[in-house]
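Take a first look at the fold below.

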Amino acid sequence: MSEVMTQAVSALKTYFGFSTFRPLQAEIIQDALDGHDVLALLPTGGGKSLCFQLPALMSPGLTVVVSPLIALMKDQVDGLVAAGVAATFLNSSLEPEQARQRMRGLHQGDFRLLYVAPERLLLSGFIEDLRRWNIQRFAIDEAHCISEWGHDFRPEYRQIAQLRPLFPSVPFMALTATATAQVRKDIAAQLRLKDAREYVASFNRPNLTYRVEPKSNAYPQVLAWVRGRAKEAGIVYCQSRRSVESLATRLREDGIAAAPYHAGLTGAERSQNQERFLRDEVKVICATIAFGMGIHKSNVRYVVHYDLPKNLEGYYQETGRAGRDGLPGECLLLFGGGDVIKCEHFIAQKQDPKEQELARRQLRQMAHYAESQECRRHTLLGYFGETYPEPNCGGCDNCITPAEQWDATLPAQKLLSCVYRIKEHSGFSTGLNHVVEVLTGANTTKVRDCQHDSLSTYGIGRDIDRGDWLRIGRELIRLGFLTQDVERFSIVEITPNGREALRSRAKILLSRRPAPLQTASPKFALPEKSSLRQGSPGLISCDERLFETLRTLRKQMADERDVPAYIILSDVSLRQIARHYPTTESELMQISGVGEKKLRDFGSVLIETVDTFLKSNPKQTFAEEWKAATGR
């Protein structure tokens, strides 16, 4: 190890309380210290922020961090200050006197890191301030926002590129958790990165479990899920503001501490609800996709999707907000055929044909993920161009409880025959929704106008629910018996394989899950260690009574300092304390996340709490610890 990296490891322990780096952090930090441009893609919880925070501590000057959200800035600065790092932010949330004080500190060289929004960068006079502040590097967080190909494009990010000619010798670091190869290429081009060192970590989050359940009775399903994890924090994503408000209200009426978050609330309401969630005063936040980007709450234990996400990229990013601390997190998607119909309706409202085509392709990918019987981790990683090496991940519903095959020959024959009869009668094909309307005997204007109510297949599928018919249809498309042409209004037609199956009455097997997973299952419902793959972590075994005592103490200390609880110490740190019972400062310093400043600020009260606990409770012993996904 070079002398510089030896110093980096020392700073890592001093400020952040860690003894080792996570994958790729050391290489990125080395390149940053060497003055190279860097493009880094690390998954949520993979330690992106440390890649620019540590270099900022190890060299003179100021690191300017461009961040898209006010809450994200405050969150990161609170954490840095708690760790003893001189950091600040400038944004519209500050009172004029607060802003002036921070500007004075910047002029005096008091800070190592400054967080700003992209809109502020080119304000009159701010460029001249930047020139006087000895800028060490620019770090662009959530860099995918600069790309129109990304899932969260923000036009204001485009102006960041104007800094390049103004500061030609200052290195740039672009960081994101979610970007396809196309988006990464666009980021590098838009920011004018020069010979950038590019790092792409695995997209795999081994501590997360993925599951999809049929949306049969959505609210009771969510309520049972939340009640089964009453002490834990979670996010429930909905498609519309109305759904967010309705869900949050019903949960509160049923005794759950829940709050809404969406763009229809005032800025003050959104900030208040988010802050209550960060401080554990609210256990469940019901939100549209407006919530979550950059939120560093490490102890979110689950993410539920009440409605179908628009695309896999957004879904991956949203699920990634669970288990940031490396402890187990759960991701549940409630899926029904009606969700696809609703999404198709919204897509049809788009004016641009190219936007419609892209949205339909993304919807097909999302529906395939939800209905597929293959490993969900394999599907997710494959979307980003990564191959998952194992046939069974042991951490998704399809791998834990594989679907069963059922003889779907009769309904498949009915559906294929209906598609054939429509084309034969009218000379044109229709979309799958219309086929299902004919099968179920719907009395619609289109059915009557096309005289499809006179077909021999009209109404022969009334015994099967419309959503089930859509599911059967999509699986027949996936298996190659039907084809769907998105460019022609998503019409479905029989393929040669479908014609042969119809002619020969060949047996057709489709898949279905034997029974829904229990939503009220115990918390951290990862499978047993023996069935896990690729080092998936389990919950750190510890003295649960001491852990709860420490969690209460942490909340008190956080409230006294007006910061979220996880800023004080993470759940990982508390569980390690409740496992090893440290009663001296040297023992406490061995705990992950306890650096020198946190030892000074909280060490004595933590040691006293452990001592007091041991006076009335015996020490427990635990088997050899199974290393968590933090890699530390």
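Helix 11 buries four residues: Asn273, Gln274, Phe277 and Leu278. Why do they lie on the same side of helix 11? They cover an arc of only 140 degrees around the axis, so they share one side.

The model shown here is predicted. Helix 11 runs over residues 267-278 and has 12 residues. From its first C-alpha to its last it reaches 16 Å, close to the 16 Å expected at 1.5 Å a residue.

What covers the buried residues of helix 11? The cover includes two helices, helix 4 (70-82) and helix 23 (565-568). It also includes strand 9 (233-237), strand 10 (258-261), strand 11 (284-287) and strand 12 (300-305). Now turn to the face directed away from the buried side. That face of helix 11 carries the exposed residues Ala268 and Gln272.

Just after helix 11 comes Asp280, which takes a positive phi of about 65 degrees. That deserves a second look. Most residues other than glycine have a negative phi.

Arg192 is another case. Its phi is positive, about 55 degrees, although Arg192 is not a glycine. Where is Arg192 found? It sits in the loop between helix 8 (181-190) and strand 7 (197-200). Arg192 counts as partly exposed, at 44% relative accessibility.

Asp562 is not a glycine either, and it has a positive phi of about 60 degrees. This residue lies in the loop between helix 22 (544-561) and helix 23. Helix 23 is part of the cover over the buried residues of helix 11. Asp562 is partly exposed, with a relative accessible area of 48%.

**Salt bridges**

Side chains of opposite charge can pair when their charged atoms come close. A search of the whole structure finds 32 salt bridges. Three of them are listed here.

| Pair | N to O distance |
|---|---|
| Lys74 and Asp78 | 2.9 Å |
| Asp339 and Lys215 | 3.1 Å |
| Lys597 and Asp601 | 2.7 Å |

Start with Lys74 and Asp78. Both lie in helix 4, four residues apart, about one turn of the helix. Are they buried or exposed? Lys74 is partly exposed, with a relative accessible area of 30%. Asp78 is buried, at 18%.

Lys597 and Asp601 are also four residues apart, in helix 26 (residues 596-616), so about one helical turn separates them. Lys597 counts as partly exposed at 23% relative accessibility. Asp601 is partly exposed too, with a relative accessible area of 33%.

The bridge from Asp339 to Lys215 has an N to O distance of 3.1 Å. This pair links distant parts of the chain, 124 residues apart. Asp339 is in helix 13 (residues 337-348), while Lys215 is in the loop between strand 8 (208-214) and helix 9 (218-227). Asp339 is buried, with a relative accessible area of 6%. Lys215 counts as partly exposed, at 24% relative accessibility.

Which residues are linked in a network of salt bridges? Arg301, Asp325, Arg554 and Asp571 are.

**The whole chain**

Now step back. The chain has 26 helices and 17 strands. Its C-alpha trace spans about 85 × 65 × 50 Å along the principal axes. For 632 residues, a compact globule would have a radius of gyration near 26 Å. The chain has 27 Å, which agrees.

How much of the chain counts as buried? The figure is 57% of the 632 residues.

**How confident is the prediction?**

The chain averages a pLDDT of 88, and 92% of the residues score at least 70. Over residues 516-536 the pLDDT stays under 50, and the model has 57 contacts for them beyond four places in sequence. Residues 626-631 also have a pLDDT below 50. That stretch has 17 contacts in the model beyond near neighbours in sequence.

Key:
Residues numbered from 1 in each chain as written. Predicted model: local features only at pLDDT ≥ 70, side-chain atom pairs only at ≥ 80, totals over all residues. Heavy atoms only, no water. pLDDT = per-residue confidence, 0-100. Contact = heavy atoms within 4.5 Å. Expected span 1.5 Å × (residues − 1). Buried < 20%, exposed > 50% of the residue type's maximum accessible area, 1.4 Å probe, protein only. Arc of directions from axis to C-beta. Salt bridge = Lys/Arg side-chain N within 4 Å of Asp/Glu carboxyl O. Rg over C-alpha atoms; globule rule 2.2 N^0.38 Å.
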